[in-house]
Amino acid sequence: MELLDQLKTSTGDVYVSLYWDEKNKVISDVWDGAFGSQENFRRALTRITELMEDKGAKRWLADIRNMKGSFDSSSDFIAKEITPKTVQLGVTREAIIQPSFVFAKLSTKDTVMKIEKLEIRQFEDYNEGYEWLVSDVAVPA
């Protein structure tokens, strides 16, 4: 995978790294620690959609295993702005690698329930999630 970008908090800590898998047309966002603010979280999602458009992504892998914090106040932003944009760009499937941090896990559950028109599955295991994402046949939930 090719590293495309990294976003940092105001203190200079990288909170998300963005990758591209050309072969499988997958954009990946790998979160690490606290993102610091909802503005940073939303900035990252906006950047992800920009890269999806630039690269012609068809699938999205959100690896939030190491995310710290809640994004509850951004769930409507994801459901009403980010997801429709990704669908419009031709993204058909998203795999979410579940966080261990309980508040991030609850935010993920709440957000996924609001999303329509994008096939989303949640996984505990990275490899299982990636394999489902790039397969041609979806596995049962």
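Contact here means heavy atoms within 4.5 Å. I worked from a predicted model, in which local features need pLDDT of at least 70, side-chain atom pairs count only at pLDDT 80 or more, and totals for chains, interfaces and linings use all residues. Residues are numbered from 1 along each chain as its sequence is written, and side-chain values use heavy atoms, with hydrogens and water left out.

**Overall layout**

I looked up the contacts between residues at least 6 apart in sequence: 71% of them join residues at least 24 apart. I then listed the secondary structure, taking helices (H or I, at least four residues) and strands (E, at least two) as DSSP runs numbered from the N terminus. The protein has four helices and six strands, in the order β-β-β-α-β-α-β-α-β-α from the N terminus. For burial I used relative accessible area: buried is under 20%, exposed over 50%, and partly exposed in between (1.4 Å probe, protein chains only). Of the 141 residues, 45% count as buried.

**Nonpolar cores**

I took a nonpolar core as a set of buried Ala, Val, Leu, Ile, Met, Phe, Trp, Tyr and Cys residues joined through side-chain atoms within 4.5 Å. The largest one has 28 residues, and Trp-31, Phe-41, Leu-45, Met-52 and Trp-60 have the most contacts inside it. Two or more residues of this core come from each of β2 (14-21), β3 (26-34), α1 (38-55), β4 (59-68) and α2 (75-88). The helix α1 gives the most, with six residues. I checked Leu-45 separately: leaving aside neighbours within four places in sequence, Leu-45 is in contact with Trp-60, Phe-77, Ile-78 and Ile-82. Another core, of nine residues, lies apart from the largest one and includes Leu-61, Ile-97, Leu-133 and Val-134.

**Aromatic rings**

I paired rings of Phe, Tyr and Trp (its six-membered ring) if their centres lie within 6.5 Å; planes under 30 degrees apart count as stacked, over 60 as edge-to-face and the rest as tilted. I found six aromatic pairs in the structure. Phe-35 and Phe-41 form a tilted pair, because their ring centres are 5.1 Å apart and their planes are at 40 degrees. Both of these residues, Phe-35 and Phe-41, are buried. Phe-123 and Trp-132 are also paired, with centres 5.7 Å apart and planes at 40 degrees, so I logged that pair as tilted. Phe-123 and Trp-132 are both buried. Ring pairs also link Tyr-15, Trp-31, Phe-35 and Phe-41 into a cluster.

**Arg-93**

Arg-93 is in strand β5 (residues 93-97). I put a charge over a ring if NZ of Lys or CZ of Arg is within 6 Å of the ring centre and within 35 degrees of the ring normal. Arg-93 lies over the face of Trp-132, at 4.7 Å from the ring centre. The side chain of Arg-93 also reaches the backbone oxygen of Trp-132 at 2.9 Å. Arg-93 counts as buried because its relative accessibility is 6%.

**Asn-24**

I placed Asn-24 in the loop between β2 and β3. Its relative accessible area is 23%, so Asn-24 is partly exposed. Leaving aside neighbours within four places in sequence, Asn-24 is in contact with Tyr-130 and Val-134. I also noted that Asn-24 and Lys-58 are 34 residues apart in sequence and 8.1 Å apart in space, C-alpha to C-alpha.

Terms used:
A polar contact is a pair of N or O atoms within 3.5 Å; within protein, one must be able to donate a hydrogen and the other to accept it, and residues adjacent in sequence count only if both atoms are side-chain atoms.
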